[in-house]
Amino acid sequence: MTTLAPLDPGGRRLADVAHVIRSKNAGPTLLTIDIFFNDAQAFALAAQSAALSCAAVAQRYGVDAALVQRHLVPGIHAIKFVLPRQVCAGSPGDGDVYGAQQHVPLLEVML
Amino acid sequence: MNAVDRLLRSHRPQDGPLRVLAASGQLGYGIPEPALRRGLARAPDFIGCDMGSIDPGPYYLGSGTMAAPPEMVYRDLDLVLCAALDAGVPLVIGSAGTAGARPHLDAVVAVLRQIARRRGRSFRLVTVASDIAPEQVVSALAAGTLEPIGAIDLPSEEQVRACSHIVGQCGTDTLAQALALGADVVLAGRACDTAIFAALPVMLGYPMGLALHMAKIIECTSLCCRPGGRDAMLAELTMDGFTLESMNPDSHATPASVAAHALYEQADPLRVEEPEGTLLLDAACYEALDAHRTRVHGARFVARDRPSLKIEGACLVGQRVVLLAGVADPGFLDCLPQALAVVEQRVRALVTGAWKLFTHIYGQGAVRPLAEGTLRAGEAGLVLEFIAPQVELARTAAGVFKQNLLHYGYPGRKSTAGNLAFAFTPSEIDAHAAYRFVLYHVMQDVAIGDLFALNAIQVDGQQVH
């Protein structure tokens, strides 16, 4: 039987356990967010954390949870999210044509 | 003999690796020359450059203009064209002039001709036009074979016809058709970034899966390395894999950095959809050869029965004028959104017509939603977009809005002399036309064979003009 290391009761801040947290368009209609964790332990912690479930991420971005995809890539300790963009890139009303600053709502996530 | 024919006749995959030099992932923004020179010293079999993307937004496709500065486009094209001609190897450029529609293709051909004249160089150029006739899209719409990619609606027939340009991302098969015409330089309009680097290897008999996977990684040059960068990237392809090596000695292709690149700007890290089929990366392996180079193998390609085509189309929304101003008064910061709404109503009573306002309050959630309580930073920046059918109307709305906001008397106001700080005047600025994407869709079951117009041109720099 394997036991998990006891968690810090306060949890871990995502920005402290990942060395890359980035967002970018995957085409003008989708936003993709890549998180690369510092090590296998941090990846495992994040992969099982409710704070990084599709539902939790959908809530942070104000989109329907059914439209959020999550890909786990354990080999490189990465989690990818794909979300619909609220405004098609570059249409009037868009605030981030490249989608390059949309990772920020995740920085303060507590795992 | 032209460079493509020479390569196709002389190179046999069993004789040794095919050396592919990716010179630029964004031609026109300044190719780093030291790394390019190192790459050229490695005697590449061909040179590829990506020149465009949909990322910069709908303006460039809609307006038919290039995003990169013309001077730098000339400089970069001059570098790679002379390098390829000197070495006698093919030069393949995709997504001409940012968005790859007819005006972009023509603009890049014009620069190539200009370089040829100034340098006295002659070469055989084959161009691929990626423009798709609106009728073709309307037919697909009627046949139910037009599918949205992500969060975008199916367009109406009128919206399709309103697009100023529609392009299709031509794939490896189309570029192979162009290369088969015999060329020193192949310049494609909108193209899959993979096709630029995969077409020649596939024509030479290398496996489609490996060729596409290699292409997918090197099209961004050294971005797949750690630290990532824009330096030229060399791939050495054999029948069972490829080796990746940055031409910047301080930028290292490691198994982790290369594998991580599969996630970049991709919706699915394990599948890449191409016109001809699907590239599957689930069995891809990345092994370090040393601290600087990584060997990759294992990607598979599954062809689809009928090709599909990603299409892009943009239409004019109106003429844009922006008003720039700063706000620092805490009382005004507290009521900015409400103040903008009230002033908009006042301006609408004064300036009639179909103008639209899009507000961006920097410091108060213009970039991403902010939680209540974090909104009131020390100051805010206003970028107010006015979009109207005529630029004069947009200017009028912006000018009247500026003065009304400057002197708006909000409740509790102490600064009765003015609400806005201007860094300069005029603070309302003509900001080009506004466009939007109407099309970012897949057309299924497309007869791709004759969709893209190919044109062979002898560019003669010796001619007297």
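Tutor: Start with the turn. In the hairpin of β1(A) and β2(A), four residues lie between the strands, and Gly27(A) takes a positive phi near 80 degrees. Remember that this is a predicted model: local features need pLDDT of at least 70, side-chain atom pairs count only at pLDDT 80 or more, and totals for chains, interfaces and linings use all residues. Residues are numbered from 1 along each chain as its sequence is written, while chains are lettered from A and ligands numbered from 1 in the order in which they are written.

Student: What counts as a strand, and when do two of them pair?

Tutor: Strands (E, at least two residues) and helices (H or I, at least four) are DSSP runs, numbered from the N terminus. Two strands pair if DSSP finds at least two bridges between them. Here β1(A), residues 18-25, pairs with β2(A) in the antiparallel sense over seven bridges. Arg22(A) has Asp34(A) in β2(A) as its bridge partner.

Student: Which strand do seven bridges join to β2(A) in β4(A)'s region, residues 78-84?

Tutor: That is β4(A), and the two run antiparallel. Thr32(A) has Val82(A) in β4(A) as its bridge partner.

Student: Is β2(A) buried or exposed?

Tutor: Count neighbours. A residue is buried if 20 or more other C-beta atoms, placed from the backbone, lie within 10 Å of its own, exposed if 12 or fewer, and partly exposed in between. In β2(A), residues 30-37, eight of eight residues are buried. Both faces are covered: Leu30(A) and Phe36(A) are among those on one side, Leu31(A) and Phe37(A) among those on the other.
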